[in-house]
Amino acid sequence: MHVEVRNLNKHFGDFHAVKDVSFDIAKGHLIGLLGPSGGGKTSILRMLAGLESPGSGEIRFHGKVVNHLPPQERGIGFVFQNYALFKHMSVFDNIAFGLKVKKTPKAQIRDRVMELVELTGLKGFEQRYPHQLSGGQRQRVAFARALAPEPQLLLLDEPFAAIDAKIRQELRSWLRELIERVGITSIFVTHDQDEAIEVADEIMIISQGRLEQKGTPWDIYKNPQTPFVATFIGESTVVEDASQLKGFEHAVQGSNTRALIRPEYIEIGLKNEFTMLSATEKGTVKHLHFRGSEWMVEVEVRGHKLITYRSLEKTTLEIGQTIRVLVHRAYLFNDSESWIVENR
Ligand code: ATP
């Protein structure tokens, strides 16, 4: 379903937890709400679910305002980190629960549960109880249970947070496929950058109650719109005084301009590796870390430390060695603005 949120606000006492948040989610999309702890992600999700009422603003599903609809009338399914399964019920009965509440005929319940058991890879586990399942299997039952009544929106709050790293990785690709197959609009909360980048069609970065940016993972990485987003997503080095950065002096605005540089936009090498030597400047290799497929190199240029990578095929560098450095692109920002500059 198409979700529209307009100027959503939420206060808890004096605390302004969600600040004027607006966004649209297209039908069938999977959106990741990403941000630091306490930023307001869960509060936004709970308002969409109807578990919390907005202080002001509007939530529309299919163009209709749902602010006052109770959760059970919103056509949503939930999977929460701690939304435990019913311990005394078998996998079958857990999945069937929502359908029984809706008084669905027995034969229909059976068919739907079997369909979901198949879809979530739980065939053969129908008669087991939650304590006889692994963490990953339990979470798959939780997904099947949420999907059984055919919701039009799936809300997931850190669904894999309690699961260990290896299984979590498997569940991520599993979830991606599941959502594609079912074609259901879904929103999931995470504070794990990799998880959001890997799973979501679009990411919304939430910090201190505000929506900082919404976009595809690639777009957010490449074109961050706020300093917060630039530092939160991906690796980078910050140069406190951007006027010190060769090739970027002309782009500096005001005395307080800082530059943020992604490793892939810093090229380092020996003199003979550059055709335009005049565009480069001298640097010193400070640290080298072997990373399996490449070297991570910390290089110092006029007192600024920059982090970049160098592929294994190239000549090995040594600590203390003088090399040439070329910064191709930087994200510049001062107290009020930010802009991206290419070094040509
Ligand atoms: P996390 O990743 O830690 O779950 P979050 O981004 O989901 O964080 P929320 O749970 O939405 O953040 O909380 C946002 C802010 O609102 C936090 O500072 C939290 O302490 C506060 N908050 C949330 N619920 C309540 C409540 N019922 N009463 C008072 N304050 C609350």
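**A colleague's note on the ligand shell and the helix packing**

1. Sorted by class, the residues that make up the shell around the ligand are three nonpolar, eight polar and one charged. Please keep in mind as you read that this is a predicted model.

2. Here is the shell by name. Around the ligand sit Phe12, Phe15, Ala17, Gly35, Ser37, Gly38, Gly39, Gly40, Lys41, Thr42, Ser43 and His191. Two elements, strand E2 (15–25) and helix H1 (41–49), each provide at least two of the shell residues. Which element gives the most to the shell? That is H1, with three residues.

3. The buried residues in H1 are Lys41, Thr42, Ser43, Ile44, Leu45, Met47 and Leu48. Lys41, Thr42 and Ser43 are also among the residues around the ligand. Now to the helix pairs. Two packed helices are described by the angle between their axes and the distance between the axes. For helix H2 (residues 91–101) and helix H3 (residues 106–119), the angle is about 130° and the axes are 10 Å apart. H2 and H3 are therefore oblique to each other, and the crossing in which H2 passes H3 is right-handed. On the H2 side the contact is made by Phe92, Ile95, Ala96, Leu99 and Lys100, while H3 brings Ile109, Arg112, Val113, Leu116 and Val117. By class, this contact of H2 with H3 holds eight nonpolar, no polar and two charged residues.

4. H2 also packs with helix H4 (135–147). How do the axes of H2 and H4 cross? They cross at roughly 30° and come within 7 Å, so H2 and H4 are roughly parallel to each other. H2 passes H4 in a crossing that is right-handed. Here Val91, Asn94, Ile95, Phe97 and Gly98 of H2 meet Val141, Ala144 and Arg145 of H4. The classes in this contact are five nonpolar, two polar and one charged residues. You will find Ile95 in the contact with H3 and again in the contact with H4.

5. A word on Ser134, which lies in the loop between H3 and H4. Is Ser134 buried or exposed? Ser134 has 11 C-beta neighbours inside 10 Å, and 12 or fewer is the cut-off for exposed, so Ser134 counts as exposed. If you trace from Ser134 to Ile323, you move 189 residues along the chain, and the C-alpha atoms of these two residues are separated by 53 Å.

6. Finally, the whole protein. The secondary structure comes to eight helices and 19 strands, and the C-alpha trace spans about 80 × 45 × 30 Å along its principal axes. What share of the 344 residues counts as buried? The share is 34%. As for contacts between residues at least 6 apart in sequence, 63% of them join residues at least 24 apart.

Key:
Residues are numbered from 1 along each chain as its sequence is written. This is a predicted model: local features need pLDDT of at least 70, side-chain atom pairs count only at pLDDT 80 or more; totals for chains, interfaces and linings use all residues. A residue is near a molecule or strand if its C-beta atom, placed from the backbone, lies within 6 Å of it. Helices (H or I, at least four residues) and strands (E, at least two) are DSSP runs, numbered from the N terminus. Ala, Val, Leu, Ile, Met, Phe, Trp, Tyr, Cys and Pro count as nonpolar, Asp, Glu, Lys and Arg as charged, and the others, Gly among them, as polar. A residue is buried if 20 or more other C-beta atoms lie within 10 Å of its own, exposed if 12 or fewer, and partly exposed in between; C-beta atoms are placed from the backbone. Two residues are in contact if their C-beta atoms, placed from the backbone, lie within 7 Å. Axes are lines fitted to C-alpha atoms, for helices over the stretch in contact, and angles run from 0 to 180 degrees between N-to-C directions. Angles under 35 degrees count as roughly parallel, over 145 as roughly antiparallel, 65 to 115 as roughly perpendicular and the rest as oblique. A crossing is left-handed if the near helix is turned anticlockwise from the far one by less than a right angle, and right-handed if clockwise.
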